[in-house]
Amino acid sequence: MRHRLLAILCLATILSASCGLQSASGAVLAAKPGLIQHYDSLRDVQITVAAKDFTEQLVLGNIVAIILNAAGASVTNMTNTPGSFGVRQSMLKRVANISPEYTGTGWINYLGHADPIKDPVAQWQAVNREDAANRLVWLPPAPMNNTYAFAIRESEAQRLGVAKLSDLGRLSRSDLTFCVESEFASRNDGFIPMLKTYGLSTAQLGRVTNLDVGVVYTATAKGDCNFGEVFTTDGRIPALKLRVLQDDRHFFPLYNLTEVIDADLLTAHPELREVFALLNPRLTNDTMLALNARVDSAGADPAIVARDWLIDQGLLSR
């Protein structure tokens, strides 16, 4: 969804020069086993992790890399790969063999389906079943769902008495002001279909402003609009004191996080299922909001945030 131009420019040299694929350091921070144990069977097994180049993926890519390193594998860290397209090509071309990914991205962006599946388990099963043709396995996903949403500054939410998207229907035209990113405004899972699902038309709205996605958060916090398009696990939400409105009619696609693994690697090392079965249940929306905020608001290094959280959870140790 993000940084498509950079990904396209990079693709031409993705195999020969690994254009922009590795993070600045390429390092994997060290930690000792905890609940996640060391496996002698992973000794000298070469595993390459690819993750995208936005905050959440920088944290998640390092989480995966640090875990695998502590579990005994020899890990190459390609966190900071440009965009979804770059990561997908890395996986398809076997430049990488594991990546943190989202079920909705797999179903809609990679496999080309227009209509998402509303049940999270059914959505995961469908993308896993279809991607088997590419020899890729999608592990059982985490609770976290980094999907689209609308947020409002907390003080205005209290004044208007709104907590869910269906509450918008009783607001006046002057209160129905929106900030949206231009791509979202034209998507079939975007702004206009969302309004229709909740019984609204553009004629009922006040001002609608198209902005770059990053600017939407600050514009909403400042009151330039009441309702801003956000991603549900973005660390700026708590930092800017925004309230995410519940999607009570389940319009937005599900983007549950999981790991996509090369099927041959997983067949040879089924113990990787055990590793990620310990990790994934701990990755909730609240967890990712807090981790992302440590990077975006507090300026912490994503790799250090990842390692410290793994140790705090007892998954690994110092």
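Before the first pair, I note how axes work: they are lines fitted to C-alpha atoms, for helices over the stretch in contact, and angles run from 0 to 180 degrees between N-to-C directions. Helices are DSSP runs (H or I, at least four residues), numbered from the N terminus, and strands are E runs of at least two.

This is a predicted model, where local features need pLDDT of at least 70, side-chain atom pairs count only at pLDDT 80 or more, and totals for chains, interfaces and linings use all residues. Residues are numbered from 1 along each chain as its sequence is written, and side-chain values use heavy atoms, with hydrogens and water left out.

**Confidence.** I looked up pLDDT, the predictor's confidence in each residue, from 0 to 100. The protein's mean is 91, and 92% of its residues reach 70 or more. Residues 1–25 have pLDDT below 50, and beyond near neighbours in sequence this stretch has 53 contacts in the model. Contact means heavy atoms within 4.5 Å.

**α2 and α13.** How do I describe two packed helices? By the angle between their axes and the distance between the axes. For α2 and α13 I get about 110°, with axes 9 Å apart. That makes α2 roughly perpendicular to α13 (65 to 115 degrees; under 35 is roughly parallel, over 145 roughly antiparallel, the rest oblique). From α2, Thr 55, Glu 56, Val 59, Leu 60 and Ile 63 meet Met 288, Leu 291, Asn 292, Val 295 and Asp 296 of α13. I sorted this contact into six nonpolar, two polar and two charged residues. Here Ala, Val, Leu, Ile, Met, Phe, Trp, Tyr, Cys and Pro count as nonpolar, Asp, Glu, Lys and Arg as charged, and the others, Gly among them, as polar.

**α2 and α14.** Helix α2 (residues 55–70) packs on α14 at about 55°, axes 8 Å apart, so the two are oblique to each other. Their crossing is right-handed (near helix turned clockwise from the far one by less than a right angle; anticlockwise is left-handed). Which classes make up this contact of α2 with α14? I find eleven nonpolar, one polar and one charged residues.

**α13 and α14.** Helix α13 (residues 285–296) and helix α14 (residues 302–312) pack at about 140°, axes 9 Å apart. That makes α13 oblique to α14. I also noted a right-handed crossing for α13 and α14. In α13, Thr 287, Leu 291, Arg 294 and Val 295 meet Pro 302, Val 305, Asp 308 and Trp 309 in α14.
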